[in-house]
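The sequence and structure come next.

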Amino acid sequence: MISITTSENKKVYFASDQHFGAPTPEASFPREKKFVAWLDEVKKDAEAIFLLGDLFDFWFEYKTVVPKGFVRVLGKLAEIKDSGIPIYFFIGNHDLWMNDYFEKELNIPIYHEPQEFLINNKKFLIGHGDGLGPGDHGYKRMKKVFTFPLFKWMFRWLHPDLGVRLGHYMSVKNKLISGDDDAKYLGDDNEWLVLYCKEKLTQQHYDYFVFGHRHLPLEISLKQNSTYINLGDWIQYFTYGKFNDSEFKLLKYNNNSL
């Protein structure tokens, strides 16, 4: 378990589901500029930054090639990491084919599964959130195919011009991947991540569960003084999490100059 203790007046920030590149690079460019502006603001008092997946709407790493674009975001992340601020990246369902590019080029660790963190003596379970809990069987089957080594090997043999175009098309059009048909609150008894969190609490206590994936800003109290947070997205809500001392706040980013 990684332990983080904030210095005086420092905060820990969380964001998820930017989906840069969707529906087109041109359409997502204003959102990219807005996210970079947010990074510029939070770096002033950030103890650490957590990015909880789907930063890109599609990402596939060939051995020597990565998708074109996103220079401003990648450059800003490199700048922040080089300044000494830790950044933790959790792979989402749209960038699940990420390998070691972030680790080698940006020195940012990546995580494929939820991880435990101790932040100011509060226990967190943090992840993207896809495929957790009961239900969602169609996506779970698809994820098994996409992460199967033979399938990844076969896809890698496609020329990048074809592979990236095909992957982007599938990412935007396929509702099992995008989750756009699921972006509404279903009630606690039908929210898979809520049920997942409640099941985890039967095994041990967590003060906070922090996930993305659902594209909904949610803050739901669970039993035993535990809270489930979903960070929303940077498509419709532009929401993010801020942990200050021992309090977690779900906030909306407003920048009227963009």
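Two strands count as paired if DSSP finds at least two bridges between them. Helices (H or I, at least four residues) and strands (E, at least two) are DSSP runs, numbered from the N terminus. The model is predicted: local features need pLDDT of at least 70, side-chain atom pairs count only at pLDDT 80 or more, and totals for chains, interfaces and linings use all residues. Residues are numbered from 1 along each chain as its sequence is written, and side-chain values use heavy atoms, with hydrogens and water left out.

Six strands form an open sheet with mixed pairing, in the order β5-β4-β3-β2-β11-β12. At its edges stand β5 (110-111) and β12 (247-252); each has a single partner strand, so one side of each is left without a neighbour in the sheet.

Strands β2 (residues 11-15) and β11 (residues 239-244) run antiparallel and are joined by three bridges. In this pair, F14 stands opposite G241 of β11. Helix α1 (residues 25-42) packs on the sheet and touches β2, β3 (46-51) and β11, where contact means heavy atoms within 4.5 Å. The direction of α1 makes about 170° with that of β2; axes are lines fitted to C-alpha atoms, for helices over the stretch in contact, and angles run from 0 to 180 degrees between N-to-C directions.

The loop between β2 and α1 holds D17 and P23. A22 and P23 are joined by a cis peptide bond, with omega about -5°.

| Residue | Phi | Loop |
|---|---|---|
| F70 | about 65° | between β3 and α2 (71-82) |

D17 is buried, with a relative accessible area of 0%, and F70 is buried at 12%. Buried means under 20% relative accessible area, exposed over 50%, and partly exposed in between (1.4 Å probe, protein chains only).
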